[in-house]
Amino acid sequence: MANVTVIGAQWGDEGKGKIVDWLSERADVVARFQGGHNAGHTLVVGEKVYKLSLLPSGIVRGTLSVIGNGVVLDPWHFRDEVAKLTGQGVSITPDNLQIAETCPLILPFHRDLDGLREDASGAGKIGTTRRGIGPAYEDKVGRRAIRVCDLFHLDDLDLQIDRLTAHHDALRAGFGEPPIDRAALMAELTEIASFILPFVKPVWLTLNRAKAAGKRILFEGAQGTLLDIDHGTYPFVTSSNTVAGTAASGTGLGPNAAGFVLGIVKAYTTRVGSGPFPTELEDATGQRLGERGHEFGTVTGRKRRCGWFDAVLVRQSIAVSGVTGIALTKLDVLDGFDTLNICVGYTIGDQTYDYLPAHAQDQAKAQPIYETIEGWHETTAGARSWAELPAQAIKYIRRIEELIGCPVTLVSTSPEREDTILVRDPFAD
């Protein structure tokens with residue numbers, strides 16, 4: 001049985017939470033491998049709605065869930081999220097949840113810096129969640145991060161705090177802020193350590209043993225490929241690699257462990273925050289998509305920008321992540337449209353492109369070339385088999401497959417867990 005790696009193949013918010021939750025019933029372990037609590041996953045199970053941002057989606061089912069070393073961890077948010085889910089009846093213990101020893105910590109001054117930079121950037125702001133994700137990753141690559149394993153050695157942190165304050169105090173002074181209060185920081189770390197440390201394990205060892213035992217591992221990505229620090233619409237991206245290859249480096253397993261790569265794709269396109277969006281609809285149609293799709297960020301509550309399906313960008317995401325098959329979500333949002341547009345290329349000036357160029361100025365000028373396809377007026381909501389889909393909806397799906405060069409593996413027709421059409425079982429490959 002294959003492992004499965006789930007990634008977003010657009011700008012995030014594609015519905016990964018539901019798909020990972022649905023797949024986790026077939027998995028033995030679910031592993032988060034990048035990002036932080038800027039990710040938002042909503043799971044609808046019967047009458048209950050679970051909103052996760054840091055914890056792996058498998059935790060709701062009780063599947064062994066691990067937070068890999070590629071994740072940046074806000075320990076206070078972790079405690080709050082555990083408390084919230086526990087209050088909803090989810091059992092979370094060191095027996096079913098593990099945190100990698102080498103996760104860098106998001107600290108209070110990371111959040112401060114994130115917000116200060118955004119406020120100072122004016123029209124040039126990136127649109128971060130202001131949760132300290134980027135600054136924490138900066139400290140990781142700058143070799144000055146405090147990591148989860150350091151909580152076992154709080155008495156030996158002086159040199160690391162020296163490195164941190166040498167960097168951050170200068171930045172804070174530039175914004176007119178006081179230096180980091182070292183005593184307060186140590187008090188906060190001491191207070192949170194007792195909650196975090198029972199969950200801390202050598203996750204790479206847990207996963208390698210699971211692999212050796214033939215266990216099925218589900219790797220859960222956050223955000224989307226178009227937000228990847230290398231392959232996304234830079235600089236309007238996140239601060240980590242979101243592509244499928246990161247499942248290896250972000251957990252401590254080799255690249256041959258990724259298995260079936262499932263790209264999650266909405267039947268249309270959305271984006272939160274700033275940055276280029278060639279198919280964006282700033283009209284009644286865009287408003288209709290947003291209202292029907294309930295397009296508000298799980299983490300931030302920000303309204304998502306909406307537009308037509310962009311086959312060019314999805315094809316690009318599939319290429320850089322090595323996607324095996326896609327899960328098409330929110331098909332029901334398109335019910336009732338007379339016609340639907342699919343972007344098949346761009347014009348920038350007098351040139352035509354079948355990919356999105358790398359430079360932000362070119363991306364901002366990209367005008368979509370549309371192919372129009374007939375819509376449908378029957379409902380797809382709640383469909384659980386091809387036979388329940390309107391013929392024209394099936395034609396829409398088949399045309400998407402042709403344009404992106406990748407088969408559909410799953411189709412999601414509502415937020416409900418079981419409203420899913422299985423075309424091909426990723427774990428069977």
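How many disulfides does the count come to?

Modeller: This is a predicted model, and the count comes to 0 disulfides. Two cysteines illustrate the result. The sulfur of Cys149 has its closest cysteine sulfur in Cys103, and because 9.7 Å separates the two, they are too far apart for a bond. For reference, the cut-off for a disulfide is 2.5 Å between sulfur atoms. Cys306 is likewise in no disulfide, with the nearest cysteine sulfur, that of Cys343, 16 Å away. Cys306 counts as buried, at 3% relative accessibility.

Next, the nonpolar packing. The largest nonpolar core holds 89 residues, and the members that touch the most others are Phe78, Leu189 and Tyr396. Helix α12, residues 391-404, supplies the largest share of this core, 6 residues. A second, separate core has 15 residues, among them Val4, Val6, Val20 and Leu23.

Neighbours within four places in sequence aside, Phe78 is in contact with Leu54, Leu55, Ile67, Leu73, Leu97, Ile99, Phe195, Ile196 and Phe199.

Over the whole structure, the search finds 7 aromatic pairs. One of them joins Trp308 and Phe337 in an edge-to-face arrangement, with 5.8 Å between centres and 70° between planes. Trp308 sits in the loop between β11 (305-307) and β12 (309-310), while Phe337 sits in the loop between β13 (325-329) and β14 (339-348), so the pair ties together parts that are 29 residues apart in sequence.

Arg26 is placed over the face of Trp22, 4.1 Å from the ring centre. Arg398 is placed over the face of Trp386, at 4.8 Å from the ring centre.

Last, Val30, which lies in strand β2 (residues 29-32). Val30 is buried, its relative accessible area being 0%. Residues up to four places away in sequence not counted, Val30 touches Val20, Ser24, Pro56, Gly58, Thr63, Leu64, Ser65, Val66, Leu218 and Glu220. Val20, one of these contacts, is also listed in the second core. Val4 is another residue of that core; the C-alpha atoms of Val4 and Val30 are separated by 9.6 Å, with the two residues 26 apart along the chain.

Definitions and conventions:
Residues are numbered from 1 along each chain as its sequence is written. This is a predicted model: local features need pLDDT of at least 70, side-chain atom pairs count only at pLDDT 80 or more; totals for chains, interfaces and linings use all residues. Side-chain values use heavy atoms; hydrogens and water are left out. A nonpolar core is a set of buried Ala, Val, Leu, Ile, Met, Phe, Trp, Tyr and Cys residues joined through side-chain atoms within 4.5 Å. Buried means under 20% relative accessible area, exposed over 50%, partly exposed in between (1.4 Å probe, protein chains only). Helices (H or I, at least four residues) and strands (E, at least two) are DSSP runs, numbered from the N terminus. Contact means heavy atoms within 4.5 Å. Rings of Phe, Tyr and Trp (its six-membered ring) pair if their centres lie within 6.5 Å; planes under 30 degrees apart count as stacked, over 60 as edge-to-face and the rest as tilted. A charge sits over a ring if NZ of Lys or CZ of Arg is within 6 Å of the ring centre and within 35 degrees of the ring normal.
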